[in-house]
Amino acid sequence: MTAPLAAVPALLPALPELVLAAGSLILVLIGALAGSGSTRFVQAMTVVVLLVACGLVLGQSETREITFHGAFIVDGFARFMKVIVLLASALSLVMAQGFLNRHKANAFEFPVLVLLSTLGMMVMISAHDLIALYLGLELSSLALYVIAAFRRDDLKSTEAGLKYFVLGALSSGMLLYGASLVYGFTGSVEFTAIAKALNGHASSGVIFGLAFLMAGLAFKISAVPFHMWTPDVYEGSPTPVTTFFASAPKLAAMAMTVRVVMTAFPDIAAQWQQIIVFIALGSMGLGAFAAIGQTNIKRLLAYSSIGHIGFALVGLAAGTINGVQGVAIYMALYVVMTLGAFACVLGMRRGDHYVETIDELAGLGRTNPGMAFGMAMIMFSLAGIPPLAGFFAKWYVFVAAVEAKLYALAVIGVLTSVVGAFYYLRIVKIMYFDEPKDAFAPLDGTLKTVLLASTVIVFLFWLWPAPLVNAALVAAQSLH
């Protein structure tokens, strides 16, 4: 009689995840029974479920809790990342409605798939062993493969889904091979047990396993040289799906990467630090130079995201609490800037026709001054121009790298940031100095709100950075 009661406390740390799982099952049942008439209700309830889960995360105890025999952990780092992931998923869903309605692609399955993907991301963030990590990763990825190809009548969308699926399967295989090697040479899949077994000494087998593990993780965060899927999938997927891809999954994958290297391999930092430095340099370089020649705004933002992942990895390469704090701050502000940028991209329409070419923004400063100002502030911030939020994001990761004596990495990061500023400023130049094209339709209320909020945060972050900086520090300290 006492066994079920004893099991309840073990489930409490995973209550937000259980709410998402139960919500997705109930909503898919409602959608299946009620048909297309339930779409709006399912969409609204999905956002409610995400916000309820967010409230539960915020209400969790500040102590570290480990459950499911060491497979699942809830600490300050997990709570920080989960709140941002849940809010990003909810905002992505709300922003998607206008686009999906105009393309008659509004089906109840879309929000349910977003919910399932978010559940996978939550498990990824709290994974405390290699098995839980893989389960969360696959749950998230399988839903993402489907929504990438959600518009089945669109050739680009189906192509994007297929490319993402094939390359994602390859990366999952590499990650599993690396995990099996690590397990074989340490005798455990739990992160703390792996660290204890290594005791600061890594055999060649563990190093090989770590390399394959990092390759799989690098694919999920779209870091060089495993970035090849990103531009095609960003361009081919429906714009609301690209908005989702660029925000929540990116943050969850980065959180998972940070936890793996800082918790399972803390005493062999010299080995994984080399890998992180290499992919950070490659990502910053490719993001700076490959985006210059792009004409499609979604493709440009894909290369931009690769570059920003490189900057975030500069903080992780330091391998310190300050470095992890820098990564947390960077990814939080990156999500804010990305959602604002995609609010503008989703607003690039004339009637029911959406455009994606950068040249279509010509003269936006005269035809829609509010949208142009918001877009300009976000572009300046992505470029890292002070005193906007993007500057402080880069400041924290570069300072962490300098403190860790990674001077060359920090200098190259600053130089690639200067190069990358070119294509951000080019967009501002097109909006304010080129001859105007036909005006876009007025922004939907939701998009206007998201763009306004993003612009305010980016523009005024320097006035009150303490809440985010302190929360990121608490999150980073909880990993040690």
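Tutor: The structure holds 17 aromatic pairs (ring centres of Phe, Tyr or Trp, with the six-membered ring for Trp, within 6.5 Å; planes under 30 degrees apart are stacked, over 60 edge-to-face, the rest tilted). Take Phe99 and Tyr354: their ring centres are 4.8 Å apart and their planes stand at 55°, so this pair is tilted. The pair links distant parts of the chain, with Phe99 in helix H4 (76–102) and Tyr354 in strand S4 (353–354), 255 residues apart. Helices and strands here are DSSP runs numbered from the N terminus: helices are H or I with at least four residues, strands are E with at least two. Phe99 has 4% relative accessibility, so it counts as buried; Tyr354, at 14%, also counts as buried. Buried means under 20% relative accessible area, exposed over 50%, and partly exposed in between, with a 1.4 Å probe and protein chains only.

Keep in mind that this is a predicted model: local features need pLDDT of at least 70, side-chain atom pairs need 80 or more, and totals for chains, interfaces and linings use all residues. Numbering runs from 1 along each chain as its sequence is written, and side-chain values use heavy atoms, without hydrogens or water.

Now the cluster. Tyr145, Tyr164, Phe165, Phe219, Trp229 and Phe245 form one aromatic cluster. H9 covers residues 204–220, and its 17 residues should span 24 Å at 1.5 Å a residue (1.5 Å times one less than the residue count). The end C-alpha atoms lie 25 Å apart, which agrees. H9 is mostly covered, with twelve of its 17 residues buried. What covers them?

Most residues other than glycine have a negative phi, and most peptide bonds are trans. The peptide bond from Val224 to Pro225 is cis, with omega near 5°.

The whole structure has twelve salt bridges (a Lys or Arg side-chain nitrogen within 4 Å of an Asp or Glu carboxyl oxygen). Lys156 pairs with Glu235, with the closest N and O atoms 3.2 Å apart. Lys156 lies in H7 and Glu235 in H10 (230–236), so this bridge ties together parts 79 residues apart in sequence. Lys156 is partly exposed at 44% relative accessibility, whereas Glu235 is buried at 18%. Asp232 meets Arg299 in another salt bridge, 3.1 Å from N to O. Asp232 is in H10 and Arg299 in H14 (297–318), so the tie here joins parts 67 residues apart in sequence. Asp232 is partly exposed, with a relative accessible area of 26%. Shared partners join Lys156, Glu159, Lys163, Asp232, Glu235 and Arg299 into one salt-bridge network.

Past H14, the loop to H15 (321–346) holds Gly319. Gly319 is partly exposed at 27% relative accessibility. Leaving aside residues up to four places away in sequence, Gly319 touches Met262 and Trp272. Gly319 and Gln273 are 46 residues apart in sequence, yet 7.5 Å apart in space, C-alpha to C-alpha.

Two further backbone cases deserve a check. Pro386 and Pro387 are joined by a cis peptide bond, with omega about 0°; Pro387 lies in the loop between H17 (369–383) and H18 (389–403). Phe68 is not a glycine, but has a positive phi of about 55°. Phe68 lies in the loop between strands S1 (65–67) and S2 (72–74), and is partly exposed at 37% relative accessibility.

Definitions and conventions
Contact means heavy atoms within 4.5 Å.
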